[in-house]
Number of protein chains: 6
Amino acid sequence: MQQSRYEKGLTKLAEIDGEAGEKVVNGLADICPDLGRYIVEFGFGDIYSRPQLNLKSREIATVAALTAMGHCEPQLAVHIQGALNVGCSREEITEVMLQMALYAGFPAALKAVAVARGVFAQAEREAHA
Amino acid sequence: MQQSRYEKGLTKLAEIDGEAGEKVVNGLADICPDLGRYIVEFGFGDIYSRPQLNLKSREIATVAALTAMGHCEPQLAVHIQGALNVGCSREEITEVMLQMALYAGFPAALKAVAVARGVFAQAEREAHA
Amino acid sequence: MQQSRYEKGLTKLAEIDGEAGEKVVNGLADICPDLGRYIVEFGFGDIYSRPQLNLKSREIATVAALTAMGHCEPQLAVHIQGALNVGCSREEITEVMLQMALYAGFPAALKAVAVARGVFAQAEREAHA
Amino acid sequence: MQQSRYEKGLTKLAEIDGEAGEKVVNGLADICPDLGRYIVEFGFGDIYSRPQLNLKSREIATVAALTAMGHCEPQLAVHIQGALNVGCSREEITEVMLQMALYAGFPAALKAVAVARGVFAQAEREAHA
Amino acid sequence: MQQSRYEKGLTKLAEIDGEAGEKVVNGLADICPDLGRYIVEFGFGDIYSRPQLNLKSREIATVAALTAMGHCEPQLAVHIQGALNVGCSREEITEVMLQMALYAGFPAALKAVAVARGVFAQAEREAHA
Amino acid sequence: MQQSRYEKGLTKLAEIDGEAGEKVVNGLADICPDLGRYIVEFGFGDIYSRPQLNLKSREIATVAALTAMGHCEPQLAVHIQGALNVGCSREEITEVMLQMALYAGFPAALKAVAVARGVFAQAEREAHA
């Protein structure tokens, strides 16, 4: 039997973001649950599940874009963790942010590495817990 | 003897963008030659020459960011060709653009694939010439 | 029998944008057909088909956003025509653009009314043909 | 006798934003009072007082634009309350934000619904006080 | 007798932009004349007429912002000419654009110097006519 | 003997931003020290050290751009202090922000003057200490 787009999306979301992604989705239950549903169905069930690009490249692309856009800290935090989860090193992640200084300027890069610092520190705390 | 940052940058620029990158730089000679010099020295001599990230990942990051920013068509064209040059497939490039619909909306993705169409067609004409 | 999301989206797209929307989708066939498919399925089959907001309000929201974002002329043109199709007057459309000067500045408003001029002129030519 | 643009603007501002708008204006007294004066005179005395668009449509347009722009949380909060004041339902407001995912991406929509949650909760507290 | 805000604005606009500014305003007559009126009244009658900043600094600020925003070429062209009119040298103008690479990235700077090239060439043609 | 780009940049950074700039650079030591190095070398050693524009005009340009971009508060704070350090008055700084309402809308101007309030208050506290 065919898996629904939502189930497929939840599985992919968990593969990339662990519990953080599901927290974002559940956190929308009281204000706009369908936004969470579309993130799962369309974002992860449709897009991230496509075979045309591996997950590591997808997370590099997302970290690059969220850094360049400059006003997406919470999503950037989720996808920095996602990038770590799918095999990016810390060095690769901050290198993507550094490169974005060329395209979006230094303030965007500075904001992004500040978010990365928080995510890396949290990951370390959890590794030691 | 040590290579200058400019020479190092020119070599890296040629490796990624072929003649297109040098055209951009030379095209600045009459209006702001130092802008071209900094792109070579800082952009390619410093940043793109760093070993922390491979060139394919760098181009995926750049295509993602320029797609998401939405108003950088000429640079996007140069970097789509650059992505092809360093080993990205056409499918990977348009897949990055498609994924950006999630983060920057459909208009940004639509603009980017229109630029990709032009670059791919030009690449085909040159392959047959 | 249940209509597919794609069929539902195509019907809604035609209701709003007439042939212009389908042209955008078909125009993607050679470069990224799935982008067109997602616009139909997710954009129009899921979002624009929801009953929570009437189509006139949806088009006002879209014209406002595309004006404010400042770099989405082709989509803005499609949605100006869409706004006319679902019952907005020309005056209401340019009024939304004028109001955007407050939130996104005068350059964004100026670009948008220039796009509106072209769409209104085209609509007039077609009305007289 | 003719009402001044400032008086006309203050009246319109109170009609839309209640006390929140005047707080923004008064809050500028110590740093840039003329910015507050222009918001009243030009923003509300000139633009929002025009008859070409009803206030509900104006607030839908503003909520859409501030959501899409992605970095205007305080103004978005004021205009979510304004939208409620002029007759938009909560569902219409979050629906506009959801629709913006199509044009400005999911991060912009997620930020906006988080602001809406705060405004709705505050409105409830005040209704019970 | 007191000059109206519109008359004051027209005079200031002519001082800065010569005929180019009035052309922008007149060009709006058929599509949104009030947008032109507000640019004159609010933009030039109110803001640019204030004594708190000299016109050269104002044009440097405007060229910087329009460069950084990245999608305002027509207004950038008008204000490059305006900057020349109020005493900025070509070198100062392109230097502002070059500096913007730090804050908004190289694509924004590249777009801006391309606009400057066109304006400078036009100014030369007119000087020789 | 020739000063290195880094030493030249540190000197220029101190001239403009006092200790605040060096704090930003040092604050990157644990997460991305090379980002700090490039800000010093390229940002201040290369760009801000160029003779083509005086420092006061440079800071006016930067304050304008960071105001217009709307999502760079920490850098804006550093450069408001920098603008004060190189001779801009408070009134000139808030006037630049006010003018940006024309190009980037009122929310951007409002965010910037809120940052200015904080920087001015801090400067006062330090002057009285």
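How much area is buried between chain A and chain B, and what share of it do carbon and sulfur atoms give? In this model, which is a predicted one, the area buried between those two chains comes to about 2700 Å², and carbon and sulfur atoms give 70% of it. On the side of chain A, E95(A), Q99(A) and Y103(A) supply 24% of the area that the chain buries against chain B, which is more than any other three residues supply.

Let me stay with this interface for a moment. In terms of contacts, 29 residues of chain A meet 29 residues of chain B. There are four salt bridges between chain A and chain B, and one of them can be looked up directly in the structure above: E95(B) pairs with R58(A), with the closest N and O atoms 2.7 Å apart. The rule for polar contacts finds 14 residue pairs across the interface of chain A and chain B, counting pairs in which both residues are at pLDDT 80 or more. As for where the surface of chain A comes from, the elements that give two or more residues to the side touching chain B are α3 (33-47), α4 (55-69) and α6 (90-104) of chain A. Sorted by class, that side of chain A has 18 nonpolar, six polar and five charged residues.

Now to the pair formed by chain F and chain C. Here seven residues of chain F are in contact with seven residues of chain C, and the two chains bury about 460 Å² between them, with 62% of that on carbon and sulfur atoms. The count of salt bridges between chain F and chain C is zero, while two residue pairs, both residues at pLDDT 80 or more, are found in polar contact across this interface. On chain F, the helices α6 (90-104) and α7 (106-128) each supply at least two residues of the side that touches chain C, and α6(F) gives the most, with four residues. By class, this side of chain F has six nonpolar residues, one polar residue and no charged residues.

Finally, a packing detail inside chain D. How do helices α1(D) and α5(D) cross? Their axes, for residues 5-17 and residues 73-85, come within 7 Å and cross at roughly 85°, and the two helices are therefore roughly perpendicular to each other. The contact is made by E15(D), I16(D) and D17(D) from α1(D), together with V78(D), H79(D), G82(D) and N85(D) from α5(D). Those contact residues divide into two nonpolar, three polar and two charged.

Technical notes: Residues numbered from 1 in each chain as written. Chains lettered and ligands numbered in written order. Predicted model: local features only at pLDDT ≥ 70, side-chain atom pairs only at ≥ 80, totals over all residues. Heavy atoms only, no water. Contact = heavy atoms within 4.5 Å. Buried area = accessible area lost by both parts, 1.4 Å probe. Salt bridge = Lys/Arg side-chain N within 4 Å of Asp/Glu carboxyl O. Polar contact = N/O pair within 3.5 Å; in protein donor to acceptor, adjacent residues only side chain to side chain. Nonpolar A, V, L, I, M, F, W, Y, C, P; charged D, E, K, R; others polar. Axes fitted to C-alpha atoms, helices over the stretch in contact; angles between N-to-C directions. Parallel < 35°, antiparallel > 145°, perpendicular 65-115°, else oblique.
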